[in-house]
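Student: I have a structure to go through. Can we take it in questions and answers?

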Amino acid sequence: MDQLKLLNAAERGDEYYREHWSLYYAERRRLLHRVFRLAGALGVLFTLCSWALEKCPPLGYVLAVPTSILLLALPAQWFIFVWRMRTWTCPRCGEYFFTSTLVNNPFGRHCRHCRLVRPKESEPHAPGEWPSVLQ
Ligand SMILES: [Zn+2]
């Protein structure tokens, strides 16, 4: 099985890795944007809720419900982001890129198993060549 992986890896060219890293960065951007949007919405709702609790308590109680939901959704979304990035598979060896038995480094620049180097986001493509945010 390992020989099959190595054989497949040898047949893969730069285009395969470029596409893989493009997908990785697009996914990372998509998940981070979701976290930031949730944080922004939570900030706005929390401010409105605080204001409404002082000025008009019934409205404050109504706004407390979506604020509470976002308060739970934000750490959940962060957990999803960390989990997805942590379990990203290496395009060469198929193992988790950032995680090995004893080490979990989400900022790692090389695969924990085969030492494949992760290019910087600006390296693999020319400007304007990145795929749009995945939906
Ligand atoms: Zn690898």
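Tutor: Buried means under 20% relative accessible area, exposed means over 50%, and partly exposed lies in between (1.4 Å probe, protein chains only). This is a predicted model, in which local features need pLDDT of at least 70, side-chain atom pairs count only at pLDDT 80 or more, and totals for chains, interfaces and linings use all residues. Residues are numbered from 1 along each chain as its sequence is written, and side-chain values use heavy atoms, with hydrogens and water left out.

Student: Is Cys90 buried or exposed?
Tutor: The relative accessible area of Cys90 is 4%. The cut-off for that class is under 20%. Cys90 is therefore buried.

Student: Which residues coordinate the zinc ion?
Tutor: Donors are N, O and S atoms within 2.8 Å of the metal (3.2 Å for Na, K and Ca); water is not among the atoms, so sites may look incomplete. Here the donors are SG atoms at 2.2 to 2.3 Å. Their spacing along the chain is C-x2-C-x17-C-x2-C. The residues are Cys90, Cys93, Cys111 and Cys114.

Student: What arrangement do the four donor atoms around the zinc ion have?
Tutor: Four donors count as tetrahedral if all angles lie between 85 and 135 degrees; four count as square planar and six as octahedral if opposite donors are over 155 degrees apart and all others between 65 and 115; anything else is irregular. The angles at the zinc ion are 103 to 116°, so the arrangement is tetrahedral.

Student: Which residues does Cys111 contact, leaving aside neighbours within four places in sequence?
Tutor: Contact means heavy atoms within 4.5 Å. Cys111 is buried, with a relative accessible area of 0%. Its partners beyond those neighbours are Cys90, Cys93, Phe97 and Leu116.

Student: Which element has the lowest mean pLDDT?
Tutor: pLDDT is the predictor's confidence in each residue, from 0 to 100. The protein chain averages 84. H3 has the highest mean among the elements, 94, and the lowest, 52, belongs to helix H1.

Definitions and conventions. Helices (H or I, at least four residues) and strands (E, at least two) are DSSP runs, numbered from the N terminus.
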